[in-house]
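Colleague: I would like to learn how to read a few features of this structure. Could we take them one at a time?

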Amino acid sequence: MAESAFRYIAKKRRPKEDRRFIAGAARYVADVALPGMLHVALVASPYPFARIRGIDARAALGLPGVRAVVTGADLVAATDAMMSGLDAPKLRRYPLAHQLARYVGEWVAAVVAESRAVAEDAAELVEVDYQPLMPVIDPEAAIKPEAPIVHPDHGSNVLFRKKWVWGPVAEDFAASDHRLAFRARWHRSSTVPIETFGVVAAWDHARQLLDIWASIQMPKYPDQLARALRLPGNAVRVHFDVDVGGSYGVKRGLKHSILAGFIARQLGVPVRLLEDRLENMRGGDAQGPDRIFDIEVAFSKEGIIRALKIRALDDCGAHAGRAPLQLGKPVGAICGPYRVNSVEYEAISVTTNKTPQEAVRGFGQSPTNFALETMMDRVAAHLGLDRIALRRANLIAKDQFPYTIPSGSTYDSGDYHTVLEKALNAADLPALLRQRDGARAAGKLAGIGIACCLEPSGGNSAFEPLFNPKNETTTWMEACSIKIDLYGAVVVSMNTSSSGQGHETLAATVVGEVLERDPETVRVVRADSLSALPSNSPVGSRMAIMLGGAAAGAAKKLKESILAIAAKKLGAPVSELVYQNGDVALRQDPAKKISWDAIAEIAHRKFHELPEGMEPGLQATHVLEVPTGGTLPAADGRVQMYPCYAFETHIVYAEIDRITGQVSLGRYVVGHDCGTMINPDIVHGMTYGGIAHGIGAALYERFRYDDTGQLVSGTFMDYLIPSAHEVPNVEIVDHCTPSPLTAFGQKGSGEAGYLGAPAAISGAVNDALSPLGLKLAELPMTPGLLGDLIATADSKHK
Amino acid sequence: MSRHEISLTVNGRTYRATVPARLTLVDFLREELRLTGTHAGCEHGVCGACSILLDGRAVRSCLMFAVQADGATITTVEGLAPEPGTLSVLQDCFWELHALQCGFCTPGMLIAAQSLLAKSLAPSEQEIRDAIGGNLCRCTGYKQIVEAIQLAAARLSGRNVPANNHG
């Protein structure tokens, strides 16, 4: 579908929701204040691994204004353990540590008081008697037989381990001219939103109802919260009209919410739990993938990749959660945008005495893309071939789509070569090469990075059954409902909260497009979890596809109703009618027509004028199954992981300061194809932001633990988030290859930029280091790391 | 805990209050005055989400105690518009160019930009980046923010810039 075919879609339009944010009138969870509300402060473990022998809260409870001190024993008695993504029932996890504290910062007790300040004062008075135990911090040490066991009941630090072989890997390796092996290390970072997680809980005894306002981005959050609190789902009402101050995957906060819900119910008083920054960084259970890749690749002397072996060892921290599943999503794009005949993939998830992981933008795909693109650069260097030519030779060609990779996922559409060429042209590669070579001639370390990466989108949760056969999830639906009122005003209802993705604009634009009504006039509201239709929240770059598709589906149903009402009124079959701007006219006699307003009035007042069998009113709902969903993984693990595949090519110029090791980025161009963009400003914004986030992961951000298990980067003074100084003026070059699977040809885009930036920047740094004979496959490439490497190499040269 | 009487002007209105010595200015604005447009992001002076204009300068309200603001004149994001229900030129440019996503850092960004534009209506890109360099944004990669401030500078200086030409 050509973009010009649209009236509102793909046009520059002001996002609907922006106004409340620039007016300072948004409502975040910290802005929710209920009468009599109490506040929670947390007592955190100072040890990475310790037995809790006793908790003495008497002094804390003696402080005026303190209302309660809650411990793990209280929660074990009254709540159910949080679910993990694995079939591992002995991995028990509660919001507060019970008997064992498993990482520095783990919450051991919660103090409830009349103000946050008093709660914090009292938290300092809680005496916990710890017996320190020997921790295990390194993931490779954790799988050795002598390692301390983080979860003794589980009996092993290995939470998940499986090897899949898709295609004739051994034969392909044997038959190839060349083989190469290397290790790539993606250290622990995360999305670290500027808003920490927060939750307000209020128990209404008269209604037997728990109200929740939370900074949430989590599928099945209301269900899991109710289940853990041993309440029926219809006794928990999650308010989705809370603005979420950034998430990018991590705002799950289930443990916070169970704790707050438990306290609110126990005390019968509203309670607020807001993480402070340190609680967020070390105790919020929201760190990201921490992964070691061991890669072997087999290829011809011309550089054609034939087969891959990938072993990915991931340190998910002290509790499993959904973290192991972040090894699962990359199965759906395991060979990136390249034609590869066979793949072996071994995924190993281990537990250590570090803060648990949460879902991070791309759900494991960005580390995998970094490993794959490092591989492409190494193959090119090995053969003495040009990096770009090597990619051209291996990219899937436009006429090969739909294209099925060895792990069973079919890529819907793409034109990778064209996107690459457009990006190269925009970047003016010859000029960049001249700049690099000129800088090198002047004694500088300069390099150019290139990455070609996929963004799987659509959020089909097929990694759940892949990693846990007892979990037979084959749908990850999204819903939308629309009503047109008596006077013709349109209200669209969506079923989740948002964290900056512009869903109100998305839904209004799509509905406006189908109904030919100005999206400005469309109101978008959010149901609460009791009034909501089934939804899975904005994860996995899915909302353009899923909310967009559900909104389009509901709007099309409404359009059918409108045409049916008009047909009866005008006395003509629908086939003889023309729908225009919501009004309906006879094709042969356009003067005979009925207006949008009149149709709305008929629907709401004049049952006698409605077609037989039609319900009064004018409303429709649509619950959309994920395109390509509905199938369990095959026995060999082959699976359609996600439906749609966006593509991005990054080209970036970098210079490294020889003395400080600081990388500065220059020209940065990204070619991006995510099909039809519903709102280009929103897509571009998320792409720029994803690149900034990727710059952080590539160069600065790391949750660093010392050998004793202490987190040493728990503030913004040492966990460094890129500012406007570190992020260059990125240029996006758009391309549109529509998806054949979606309502308007759209694909997902919420993870764009982040999926390729770390790979591209790593490539640029390596290109800059190459004259020194250095190569590095470890992120983040911090100034300290690079400075030391360069100093060592320089001293050897002298 | 000692308590102190303070008097200050916020968004043109004078407030008198008695505050504990340890109450931060951001908590005072948010919890006592219910001006929740100012946000607490890191509470250690790095992220800039709590930025306000204090006697015309952009400062971090998490790094000050309320008692230190006695006698001060403060503008928060709620006070940027010329009158209730309207938007300033700067705010409108943020909307037009979608210079935000989740909106959490936005009030601080607007304050930093407002402080810059009070000094110069022809800032270079580098000057804009310097002005917002102490305000962290996790959503936008800063590009649309820089462009919105450039557009606002052009509009405020009377240069004739048509709407929607930055798409």
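Modeller: Two strands pair if DSSP finds at least two bridges between them. Bear in mind that this is a predicted model.

Colleague: Which strands of chain A form a hairpin with six residues between them?

Modeller: Strand 26 and strand 27 of chain A do, and Gly661(A), in the turn, has a positive phi of about 75°. Strand 26 of chain A spans residues 644-656, and its pairing with strand 27 of chain A is antiparallel, over nine bridges. Within that pairing, Val652(A) faces Tyr668(A) of strand 27 of chain A.

Colleague: How does strand 27 of chain A run relative to strand 28 of chain A, parallel or antiparallel?

Modeller: Parallel: five bridges join strand 27 of chain A to strand 28 of chain A, residues 731-735. His672(A) stands opposite Asp734(A) of strand 28 of chain A. Between strand 27 and strand 28 of chain A the chain passes through helix 18 of chain A (residues 680-699), a β-α-β crossover that is right-handed.

Colleague: How many residues of strand 27 of chain A are buried?

Modeller: In general, side chains in a regular strand alternate between the two faces of the sheet. Strand 27 of chain A, residues 663-673, has eight of its 11 residues buried, and is thus mostly covered.

Colleague: How many residues does each chain bring to the contact between chain A and chain B?

Modeller: Chain B brings 41 residues and chain A brings 46. On the side of chain B that touches chain A, the largest share, four residues, comes from helix 2 of chain B. By class, that side of chain B has 18 nonpolar, 16 polar and seven charged residues.

Colleague: Is Glu43(B) buried or exposed?

Modeller: The cut-off for buried is 20 or more other C-beta atoms within 10 Å. Glu43(B) has 21, so Glu43(B) is buried. Glu43(B) sits in the loop between helix 1 (25-32) and strand 3 (51-54) of chain B. Leaving aside neighbours within four places in sequence, Glu43(B) contacts Asp276(A), Arg277(A) and Cys62(B).

How values were computed
Residues are numbered from 1 along each chain as its sequence is written. Chains are lettered from A and ligands numbered from 1 in the order in which they are written. This is a predicted model: local features need pLDDT of at least 70, side-chain atom pairs count only at pLDDT 80 or more; totals for chains, interfaces and linings use all residues. A residue is buried if 20 or more other C-beta atoms lie within 10 Å of its own, exposed if 12 or fewer, and partly exposed in between; C-beta atoms are placed from the backbone. Helices (H or I, at least four residues) and strands (E, at least two) are DSSP runs, numbered from the N terminus. A crossover is right-handed if, with the strands pointing away from the viewer, the path from the first strand over the helix to the second runs clockwise. Two residues are in contact if their C-beta atoms, placed from the backbone, lie within 7 Å. Ala, Val, Leu, Ile, Met, Phe, Trp, Tyr, Cys and Pro count as nonpolar, Asp, Glu, Lys and Arg as charged, and the others, Gly among them, as polar.
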